[in-house]
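Hi,

Here is the structure we talked about. Please open it beside this email; my notes follow below.

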Amino acid sequence: EQIDAALSAIPARESISEQWCAQIYCRILRRHKVILVTTFLDKKTVESANMLHASSVDEALEMAYAIKGKDASVVVIPDGVAVLAVKE
């Protein structure tokens, strides 16, 4: 919340072009748990970015259902930097 507030307080003509990425990321984290599936990054690094670490998709789904319930809807984004999820 502090990062989002600080970035949102910057006037539009003083912001930098990459700022939107951090702002959107903060807004997502305020509303949702993000589980990053990776064997490349360690758990401590992932958690320092305010995400939950999973080593496999099955582990991530298990975590998601434990958090939201077995009937929850989840979104799986296979390549996060190249995908834009749109709710229809």
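This is a predicted model: local features need pLDDT of at least 70, side-chain atom pairs count only at pLDDT 80 or more; totals for chains, interfaces and linings use all residues.

Helix H2 (residues 19-31) gives the largest share of the lining, with five residues.

**Overall layout**

The protein has four helices and two strands. Along the sequence they follow the pattern α-α-β-α-β-α. The C-alpha trace spans about 45 × 35 × 25 Å along its principal axes. Of the 88 residues in the protein, 14% are buried.

**Helix H2**

H2 has 13 residues. From first C-alpha to last, H2 reaches 19 Å, close to the 18 Å expected at 1.5 Å a residue. Which residues of H2 are buried? They are Gln-19, Gln-23 and Cys-26. Seen down the helix axis, these buried residues fall within an arc of 60°, so they line one face of H2. As background, an α-helix has 3.6 residues a turn, so residues three or four places apart point the same way.

Trp-20 and Arg-31 are exposed on the other side of H2. The relative accessibility of Trp-20 is 55%. Trp-20 and Ser-8 are twelve residues apart in sequence, and their C-alpha atoms are 9.6 Å apart in space.

**The salt bridge**

How many salt bridges does the structure hold? It holds one. Lys-43 pairs with Glu-47, and the closest N and O atoms are 3.8 Å apart. The cut-off is 4 Å between a side-chain nitrogen of Lys or Arg and a carboxyl oxygen of Asp or Glu, so this pair counts. Both residues lie in helix H3 (residues 43-48). They are four residues apart, about one turn of the helix. Glu-47 is partly exposed, with a relative accessible area of 37%.

**Asn-50**

Asn-50 sits in the loop between H3 and strand E2 (52-54). Asn-50 is not a glycine, yet has a positive phi of about 65°. Is Asn-50 buried or exposed? Its relative accessible area is 57%, so Asn-50 is exposed.

**Helix H4 and beyond**

H4 (residues 57-68) has twelve residues. At 1.5 Å a residue they should span 16 Å, and the end C-alpha atoms are 16 Å apart, which agrees. Just after H4, Gly-69 takes a positive phi of about 100°. Asp-71 lies in the segment after H4. Its relative accessibility is 72%, so Asp-71 counts as exposed. Asp-71 and Arg-27 are 44 residues apart in sequence and 25 Å apart in space, C-alpha to C-alpha.

That covers my notes.

Best wishes

Terms used:
Residues are numbered from 1 along each chain as its sequence is written. Side-chain values use heavy atoms; hydrogens and water are left out. Buried means under 20% relative accessible area, exposed over 50%, partly exposed in between (1.4 Å probe, protein chains only). The expected span of a helix is 1.5 Å times one less than its number of residues. The arc is that of the directions from the helix axis to the C-beta atoms.
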